[in-house]
Amino acid sequence: MKLKHIAQAAAQVAALALLAGTAQAQVSDGVVKIGVLTDLSGTYSDLAGKGAVLATKMAIDDFVAAEKPGFKVELVSADHQNKGDIAANKAREWFERDKVDVASELVTTSVALAVQKIAKDKNKIVLMSGPGSTAITNESCNDVSVHWTYDTYALANGTAKAVTQAGGKKWFFLTADYAFGHALEKDASDVVKANGGEVMGAVRHPFPGNDFSSYLLKAQSSGAQVIGLANAGGDTINSIKQAAEFGITPKQSLAGLLVFITDVHSLGLKNTQNMYLTEGFYWDLNNETRAWSKRFFDQHKRMPTMVQAGQYSSTMHYLKAVKATGTDDTAKVMTQMKKTPINDFFAKNGKIRDDGRMVHDMYLLQVKKPAESKTPWDYYHVKATIPAAEAFQPLSASRCALIKK
């Protein structure tokens, strides 16, 4: 009998060991690898770039310290140069050869749309913080993608609405000639018209651009009250600088439809004062945002943009889902991410919808006058909080095939 009991006990131990080994094996190779595919050298490198890589590293370090996972977390990064083909090739290489589990950041809509397709083909997760087009969660939506930080609908619903309601009824658009610019112009035009305004014309410039003189002169001759800048990063900075040089401002107002705090920092408050803009994050909102942003600033020497803050938030949410499920299986992790609310310094009661849109509050901001700024990077008045339900396109208007009507 004793021998029988000993044999049974040994079998139980072996079974438990096998189960433990199986649980560990659910995280492939015992490693979760996160790839940051961003603009490290071009027009969007200031708002994303090295700061986005740093934010990812901060999230990984904080996750490992707090959660003590039973798996390793590794980080790789690459420069997509704002080119969809380069991004698609790198993503395919990462997924097929380098065992990368998730591609993230992806500033530039054309890049994001290209990588979305690769990720779906390879059944890998993609977390997008920097790209803006609503096509990501409409025509191009899929069940492995999450659009985290902002989109063109939310930007237009904040800035274009506020400027039009404040009396800026006649608009002309200066638009970056690619998917993001087209989407931002369309969404802003719809908001302008819905609020009693008129679109008097538009002109599209190459992406990225340097000389905006001919485009700005067309905007000037249109007689519009407001020149809507449907571009971003270096293109926006150069547009604003050249508008001032040509004397277009302050006779005509500029509405920066996607302006980052790094843009305001580069241009200075004198050139941007009183401008309205819409953001998903501002470092000086509350004690939580200030505490995290100070940590980021200590390493990066610049305050974070919403893209960089969103990158941390999405990375942390993903890693917590891997730990909670005990696997890096795409379907299981996505299910966990979608059922778990996002509550961190970036978002309160955020939620990932079935179309892949992470919905959260947005903020209507106005740039301070130089005399109103009391400390470095003290750049904005918070004019309004736009609730998540109002900020983003409602599911009733969704063009995503995953949404049942």
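Tutor: One term to begin with: a polar contact is a pair of N or O atoms within 3.5 Å; within protein, one must be able to donate a hydrogen and the other to accept it, and residues adjacent in sequence count only if both atoms are side-chain atoms. This is a predicted model, where local features need pLDDT of at least 70, side-chain atom pairs count only at pLDDT 80 or more, and totals for chains, interfaces and linings use all residues. Residues are numbered from 1 along each chain as its sequence is written, and side-chain values use heavy atoms, with hydrogens and water left out.

Student: What does the side chain of Asn-157 reach?
Tutor: The backbone oxygen of Glu-390, at 2.5 Å.

Student: And where does Asn-157 lie?
Tutor: In helix 5, residues 152-165. Helices (H or I, at least four residues) and strands (E, at least two) are DSSP runs, numbered from the N terminus.

Student: Is Asn-157 buried or exposed?
Tutor: Asn-157 counts as buried because its relative accessible area is 16%. Buried means under 20%, exposed over 50%, and partly exposed in between, with a 1.4 Å probe and protein chains only.

Student: Which residues is Asn-157 in contact with, leaving aside neighbours within four places in sequence?
Tutor: Val-191, Glu-390 and Ala-391. Contact means heavy atoms within 4.5 Å.

Student: New topic. How do strand 1 and strand 2 run?
Tutor: Parallel, with 8 bridges joining strand 1 (residues 31-38) to strand 2 (residues 72-79). Two strands pair if DSSP finds at least two bridges between them. As one example, Lys-33 has Glu-74 in strand 2 as its bridge partner.

Student: What do those strands make with helix 2?
Tutor: A right-handed β-α-β unit, with helix 2 covering residues 49-67. Right-handed means that, with the strands pointing away from the viewer, the path from the first strand over the helix to the second runs clockwise.

Student: Where is Pro-208?
Tutor: In the loop between strand 7 (198-205) and helix 7 (213-221).

Student: What is phi for Leu-106?
Tutor: Near 65°, a positive value in a residue other than glycine. Leu-106 is buried, because its relative accessibility is 0%.
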